[in-house]
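Q: I have a model open and I want to learn to read it. Can we go feature by feature?

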Amino acid sequence: MTKALLIENGVVITMDADRRLFERGHVLVEDGRITAVGAGAADGMSDAERIDAAGMVIMPGLIDTHAHAGHMLTKGLGGDSDDWMTTTGRIYAEATDPEFWAAEAALSAAERIKCGTTTAALLFGGGPDIMRTEAPEAAEAHLAAILAMGVREVLAVGPNRPSAASVYRAWRAEAHDDVAVSPDVQLDVSAGLIDAWAGRSDRIQLAVSLPVFNAAELEDGAAIDLSKKAQRLAQEKGVLLVQDGHRDGSISAADEKMALFDGRSLLAHCVDLTEADRAVLKRTGAKVAHNPSALMSVSGRCPAPELRAEGVTVSLGTDAAAPDRSFDMFRNMFQAHRYHARHFRDDAVLPPSELLEMATIEGARALSMESEIGSLEVGKRADILLVNMRQPHLWPPVDPVQRLARFANGADVDTTIIGGRILMRGRKLVGQDEDAILDRAEKAFRLAMRRAGIA
C-alpha cells in the first residue's frame, strides 16, 4: 500500500458531470485512485505526502486520441509533406530495429509527460501504410519502454493494405534479411500482441488498426475481407477498432458494405464528411478523433462543432509527432478554436469549456475509458496535472478555463501524475534521466539514417 498523496491549495477543475470548479481545493490520492475532491483543506490526512499547488490549476491529465509511434524520430526529414511521408515509410520498413522503437517510445513518452498528456492513442507505424506488425519484436520493445516510462497508452496494431506482400528488413547488427509479410500474418501478430499484453498493466491497452478504404476500393473483395477480419479480431478481443484518414464518403461506404462501426470504433480526421457519413456516426456511436494541426485538416475540414451538436463524441488528437507538430494538446485546443471560428467567422464557436472537454473527458469517452480517466472524481485513476498559472502570459488570475484553452502551452505544466505516481515535478522528470533518453534516441536515429542512406 503506497503512501497517500494530498494536492491542496490550487484551483481544482474537475471536468466531472457538473463541471465543478473549486477556487481553492484539494485532491486526495490513495493507491493510485482519487479518494476525495473538494473545496478548502482536507482534514485528517497528516500522514499523506503533500503538494502545495498554490498558484496552480489542478486538472485531469490531457488525452490525445490520435498520434503515431515512430514519428518522433522522423522530424525534419524530406523537403515537403509528400517527401516526408515516403521517407518515413522507407525508414520504418528498411532501417529500424527493436531498439529504434524502444528509444523512440521513451522519447515520445518524455515529451508527453512534459506537456501534460497522460494518455495517448497511437498507431504503430504510419507513413504510406507501413504498420510494423510483420513480427512482434518492434511492438514489444515499444510497449516495454512505455511501461517503464509510466505513461498511459492505447497502441493500435494491424495490417497494411491487401496489395502485394509488404517487405521489411530484419536487422542483426550490420546484416539484414528481407522479409515479405501478408496482411493475414500481420493480423496474427496483432492478435498475439493483444493476448500477450492483456492484463499486464492498467496503463497499457492495445487496439486493432485498419486502413481506410473509399467506395471504389471497397469494390475489391480483398479490402472487404481484410476489413471483416480486423473487425472480427477487435470484437473477439474486446478492443477498439481504429482507423486513420476517413474522408468524403468513406464512412458511409464502409457502413453500407459491411456495417463496420460500433461504439468501440475510433475514426481519425473525418474531413469533408457527407451527410451520409454523419448519419452513420450518429447511428452507430462511432467516435471521432479531430486533429486540427494535421495535414488532413489543411486539405479538408472536420465538422467537429456540428458533430458535437448532433451528439457524436469528438475528441482531440495531435497526429504527432511529425512532420510539423508536437504532442502539445494545449496548442491543439487553441488551434481547434481558430480553425472553426475562421470557418464560421464566429469567435463563439468552440468556447474554452468545450475545448477542455474535448481534451479530457471526451477523449476518455472516445477511448471507452470514461469510467476510469478524463475527470477528477472519486474512484477514478489519479491522472492529474498541476499547471503553473502564475506567469505573465496566464495573468490576471481570472477564468482559469479560458486561460488554459486560450493561452497555456505544454511548458506550463509543472507536475504530471499518472495512476498516482509523480512522473514530473517542477518541470523535472522523476525517476528518469532526460539526457539519457535524448542520447539514446539520437543514437537510434543516426543508425537508422545510416541504414537508410540519408545524410
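Q: Where is Cys270 found?
A: This is a predicted model. Cys270 sits in the loop between strand 14 and helix 7 (275–284).

Q: What is the phi of Cys270 near?
A: Start with the general idea. Most residues other than glycine have a negative phi, and most peptide bonds are trans. Cys270 has a phi near 55°, a positive value in a residue other than glycine.

Q: Is Cys270 buried or exposed?
A: Look at the relative accessibility. Buried means under 20%. Cys270 is at 0%, so it counts as buried.

Q: Which loop holds Met15, and what is its phi?
A: Met15 lies in the loop between strand 1 (5–13) and strand 2 (21–30). Its phi is positive, about 60°, although Met15 is not a glycine. Met15 counts as buried, because its relative accessibility is 5%.

Q: Which peptide bonds are cis?
A: Recall the general rule: most peptide bonds are trans. Here a cis bond joins Ala320 and Ala321, with omega about 15°. Ala321 is in the loop between strand 16 (314–316) and helix 10 (329–344). The bond from Trp395 to Pro396 is also cis, with omega near 10°. Pro396 is placed in the loop between strand 17 (384–388) and helix 13 (400–406).

Q: How do strand 12 and strand 13 run?
A: Look for the bridges. Two of them join strand 12 (residues 204–209) to strand 13 (residues 241–244), and these strands run parallel. Val208 stands opposite Leu241 in strand 13. From strand 12 the chain passes through helix 5 (residues 221–237) to reach strand 13, a right-handed β-α-β crossover.

Q: How many bridges join strand 13 to strand 14?
A: Four bridges join them, and the two strands run parallel. Strand 14 covers residues 265–268. Gln243 stands opposite Leu267 in strand 14. Between strand 13 and strand 14 the chain goes through helix 6 (residues 250–258), and this β-α-β crossover is right-handed.

Q: Which residues of helix 5 are buried?
A: First, the idea. An α-helix has 3.6 residues a turn, so residues three or four places apart point the same way. In helix 5, the buried residues are Ala223, Ile224, Leu226, Ser227, Ala230, Gln231, Leu233 and Ala234. Their cover includes helix 4 (183–197), strand 12, strand 13 and helix 6.

Q: What happens at the ends of helix 5?
A: Asp220 caps the N-terminal end: one of its side-chain oxygens is 2.9 Å from the backbone nitrogen of Ala222. Just after helix 5 comes Gly238, with a positive phi of about 70°. As for length, helix 5 has 17 residues and reaches 24 Å from first C-alpha to last, close to the 24 Å expected at 1.5 Å a residue.

Q: What does the side chain of Ser209 reach?
A: In a regular strand the side chains alternate between the two faces of the sheet. Ser209 is in strand 12. Its side chain reaches the backbone nitrogen of Gly158 at 3.1 Å. Ser209 counts as buried, because its relative accessibility is 3%. Setting aside neighbours within four places in sequence, its contacts include Leu123, Met131 and Val242.

Q: How many helices and strands does the protein have?
A: The protein has 14 helices and 20 strands. Its radius of gyration is 21 Å, close to the 23 Å from the globule rule for 455 residues, so it is as compact as a globular protein of that length. Of the 455 residues, 60% count as buried.

Methods:
Residues numbered from 1 in each chain as written. Predicted model: local features only at pLDDT ≥ 70, side-chain atom pairs only at ≥ 80, totals over all residues. Heavy atoms only, no water. Pairing = 2+ DSSP bridges. Right-handed = clockwise from strand over helix to strand, strands pointing away. Expected span 1.5 Å × (residues − 1). Buried < 20%, exposed > 50% of the residue type's maximum accessible area, 1.4 Å probe, protein only. Contact = heavy atoms within 4.5 Å. Polar contact = N/O pair within 3.5 Å; in protein donor to acceptor, adjacent residues only side chain to side chain. Rg over C-alpha atoms; globule rule 2.2 N^0.38 Å.
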